[in-house]
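I opened my notebook to get to know a new structure, one entry at a time. Here is what I looked up, in the order I took it.

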Amino acid sequence: MDNITISTLARYKREGRKFAALTAYDASFAGVFEAENVPVLLIGDSLGMVLQGGTDTLKVTVEQIAYHTRSVVTGAPNALVIADMPFMSYDTVEHACHNAAELMRAGAKMVKLEGGDWLLDTVRALTQRSVPVCAHLGLTPQSVHVMGGYKVQGRGEAGQAILDQALRLQAAGAAMLVLECVPQDLAKAITEALAIPVIGIGAGKDTDGQILVMHDILGISSGYIPKFSKNYLNQTGTIAAAVQAFVEEVAHGDFPAAEHTFG
Ligand code: KIV
């Protein structure tokens, strides 16, 4: 796979070329994902659930994300590797800069932060200091206890607020946006309104990219399986073939299907 940069993804968006993204946490899986041409890998704080067995992502630390980032960039040197900033690691602009530097030193090419308007100064500060930022709107799992559970966001009038925040985050310098668990029509409107690439999870088929948690596509997540995910291993038989099927279905617009989508 050629080296993937934010310019590569911006070009994919202009060309209408849909791309796949996966979470990754170690060098071996990251190597398989890169070999199967997954251009974007995220060291998600979902590792608090899928690696550590927790019920939420709140216990994950910057040190843990940095550790897994070092492994992922070793296994996938050409992917655009995004490191999640854990809960409370960006509660102030100063903390955000300090902790983002730690993750960039670990090899990340971008950091991801969950939230809207309260992050505008932080996004501006990071971008001005040469840290590319991926914003994350919709269902933001670090806010699970405020949201009262893992629920679809942005239905009805709340959708306009998410669209407005997405535009302001882009104006503040965000180079990418993850949209999680929002109605398909809202995700389409946001993807069309933004110049930056938008990656959806539970956001319907119209975003520029699709991301899933690797354990979900391999059917090894314990407990609750989200409606928006799909087990590719049981229809293919090998990990490489499962990843390849995911990449191809995204590229051809076959994933997500209606059954993975919120209205
Ligand atoms: O933590 C994570 O894995 C994520 C993705 C689900 C987008 O934020």
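**Entry 1: starting from one phenylalanine.** I began with F19 and found it buried, at a relative accessible area of 3%. I kept in mind that I was reading a predicted model. Next I looked up Y12, and this residue is buried too, with a relative accessible area of 8%.

**Entry 2: ring pairs.** How many aromatic pairs are there? I noted six aromatic pairs.

Then I turned to Y90 and W118. Their ring centres are 5.8 Å apart and their planes are at 15°, so this pair is stacked. Where do the two partners Y90 and W118 lie? I found Y90 in the loop between β3 and α5 (93-105), and W118 in the loop between β4 (110-114) and α6 (120-128). The pair therefore ties together parts that are 28 residues apart in sequence.

**Entry 3: the barrel.** I stepped back to see the strands together. Eight strands form a closed barrel, in the order β1-β2-β3-β4-β5-β6-β7-β8, and they pair in parallel. From one strand to the next, the twist averages 25°.

Strand β2, residues 40-43, and strand β3, residues 80-84, are paired in the parallel sense over four bridges. Within this pairing, V40 has L80 as its bridge partner in β3.

**Entry 4: helices on the strands.** Which strands does helix α8 lie across? I saw α8 (residues 158-172) lying across β5 (133-138) and β6 (176-180), and its direction runs at about 175° to β5. Helix α12 (residues 239-251) packs on the sheet as well, where it touches β1 (19-23) and β8 (209-212). The direction of α12 makes about 140° with that of β1.

**Entry 5: helix α1.** My Y12 from the opening entry came back here. Helix α1 covers residues 6-15, and its buried residues are T8, L9, Y12 and K13. Looking down the axis of α1, I found these buried residues within an arc of 140°, so they line one face of the helix. What do they pack against? My list reads β1, β2, β3, β6, α9 (184-193) and β7 (198-201).

**Entry 6: the nonpolar core.** The largest nonpolar core has 86 residues, and L22, L41, L113, L177, L179 and I190 touch the most other members. Helix α12 gives the largest share of this core, with six residues.

Leaving aside neighbours within four places in sequence, L113 is in contact with M85, Y90, L119, T122, V123, L126, V133, C134, A135 and H136.

**Entry 7: around the end of α12.** I looked up E249, which is found in helix α12. Is E249 buried or exposed? At 16% relative accessibility it counts as buried, since the cut-off is under 20%. Beyond its neighbours within four places in sequence, E249 is in contact with K230, Y232, Q235, D254 and F255.

Moving on, I noted a cis peptide bond between F255 and P256, with omega at about 0°. P256 has its place in the segment after α12.

**Entry 8: two positive phi values.** I finished with the backbone. N37, a residue other than glycine, has a positive phi near 65°. N37 lies in the loop between α2 (27-35) and β2, and counts as partly exposed at 45% relative accessibility.

S130 is also a residue other than glycine with a positive phi, here near 70°. I found S130 in the loop between α6 and β5, where it counts as exposed at 61% relative accessibility.

Definitions and conventions
Residues numbered from 1 in each chain as written. Predicted model: local features only at pLDDT ≥ 70, side-chain atom pairs only at ≥ 80, totals over all residues. Heavy atoms only, no water. Pairing = 2+ DSSP bridges. Axes fitted to C-alpha atoms, helices over the stretch in contact; angles between N-to-C directions. Contact = heavy atoms within 4.5 Å. Phe/Tyr/Trp six-rings, centres within 6.5 Å; stacked < 30°, edge-to-face > 60°. Buried < 20%, exposed > 50% of the residue type's maximum accessible area, 1.4 Å probe, protein only. Core = buried A, V, L, I, M, F, W, Y, C linked by side-chain atoms within 4.5 Å. Arc of directions from axis to C-beta.
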